[in-house]
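Please look at the sequence and the structure below before reading on.

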Amino acid sequence: MTSGAFLDVQQVTKRFGGFQALSAVSLSIRQGERFGLIGPNGSGKTTLINCISGTLRADGGRIVFAGQDVTTLPAHRRTRLGIARSFQIPKPFVSMTVLDNLLIPLEYSGHERTDGAVEHAMSILTLVGLAPKARVRSGALTQIEMRKLELARAMAAGPKLLVSDEAMAGLSASEVDDILAILFELNQRGITIIMIEHIMRAVMRFSERIAVLDAGEKIAEGQPDAILADPRVERAYLGE
Ligand code: ADP
Ligand code: MG
């Protein structure tokens, strides 16, 4: 290993046809850190997360997680190593119950559908405040409940790193606080968290450090106060 980082993203590039979505982006994240990733729409945040989780494969660069080079591993192998992400657009199985939506990823990660698995799924639902809805069809959930289910599904495999991709978009201020409290709680339990978020108040409160992407390049990185005061960051958002 070249550094003590828990997640080491080294010079990652990604192209879609002729379009350069990521240009040599590097990030170094400590175990247990709360890290914010921000940037205007289309700046490459989700693409970077896709390259980290294995949903996409980076064209160049290296991604090292917990000492292991995962750059070319398929997504399910990265899940087993402890990388989990929520999707910007939740995709639960709407005709299934909330509980069944958790039992499926659990089965994928090698658990049998036993009483133990149900108990484990219920403990995750309790953590995100969805236990009372366990037997409800997912299609009947409200927007915030859907976001909580998305986080719960990401938690099912017992991740060490959780990437939350715009889990707060479209929520009211008190709902944002609700999701923030869940993410703080997960971090308290030792999970390293990368938060992608447009709601500045939330990222600033949550993150110990923040990186800013603009047009596929990392243009700034630092503590929240420094990021807020950085003229490059302001320019990137003004140009949106
Ligand atoms: P962000 O999450 O920061 O809003 P994305 O990572 O989703 O940005 O997208 C970055 C850029 O890459 C955008 O211009 C987007 O249109 C483009 N892009 C993302 N995914 C694909 C894809 N699968 N094929 C082609 N272009 C894509
Ligand atoms: Mg995105």
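Predicted model: local features only at pLDDT ≥ 70, side-chain atom pairs only at ≥ 80, totals over all residues.

Residues are numbered from 1 along each chain as its sequence is written, and side-chain values use heavy atoms, with hydrogens and water left out.

Helices and strands are DSSP runs numbered from the N terminus (helices are H or I with at least four residues, strands are E with at least two). A residue is called buried under 20% relative accessible area, exposed over 50% and partly exposed in between, using a 1.4 Å probe and protein chains only.

Helix H4 covers residues 115-128, and at 1.5 Å a residue its 14 residues should span 20 Å, which agrees with the 20 Å between its end C-alpha atoms; the expected span is 1.5 Å times one less than the number of residues. Ala117, Ala121, Ile124, Leu125 and Val128 of H4 are buried. Seen down the axis, these buried residues fall within an arc of 100°, so they line one face of the helix, where the arc is that of the directions from the helix axis to the C-beta atoms. The face turned away from the buried side of H4 carries exposed residues, namely Asp115, Glu119 and Thr126.

In helix H9 (residues 231-238), Val233, Ala236 and Tyr237 are buried. They cover an arc of only 95° around the axis, which puts them on the same side of H9, whereas Glu234, Arg235 and Leu238 are exposed on the other side.

A nonpolar core is a set of buried Ala, Val, Leu, Ile, Met, Phe, Trp, Tyr and Cys residues joined through side-chain atoms within 4.5 Å. The largest such core has 36 residues, and Leu125 and Leu186 are among those with the most contacts inside it. Its largest share, seven residues, comes from H5. Apart from this core lies another, of 26 residues, which include Phe6 and Phe65.

Most residues other than glycine have a negative phi.

Gln11 is found in strand S1 (residues 7-16), whereas Ala215 is in the loop between S9 and S10.

Technical notes. Chains lettered and ligands numbered in written order.
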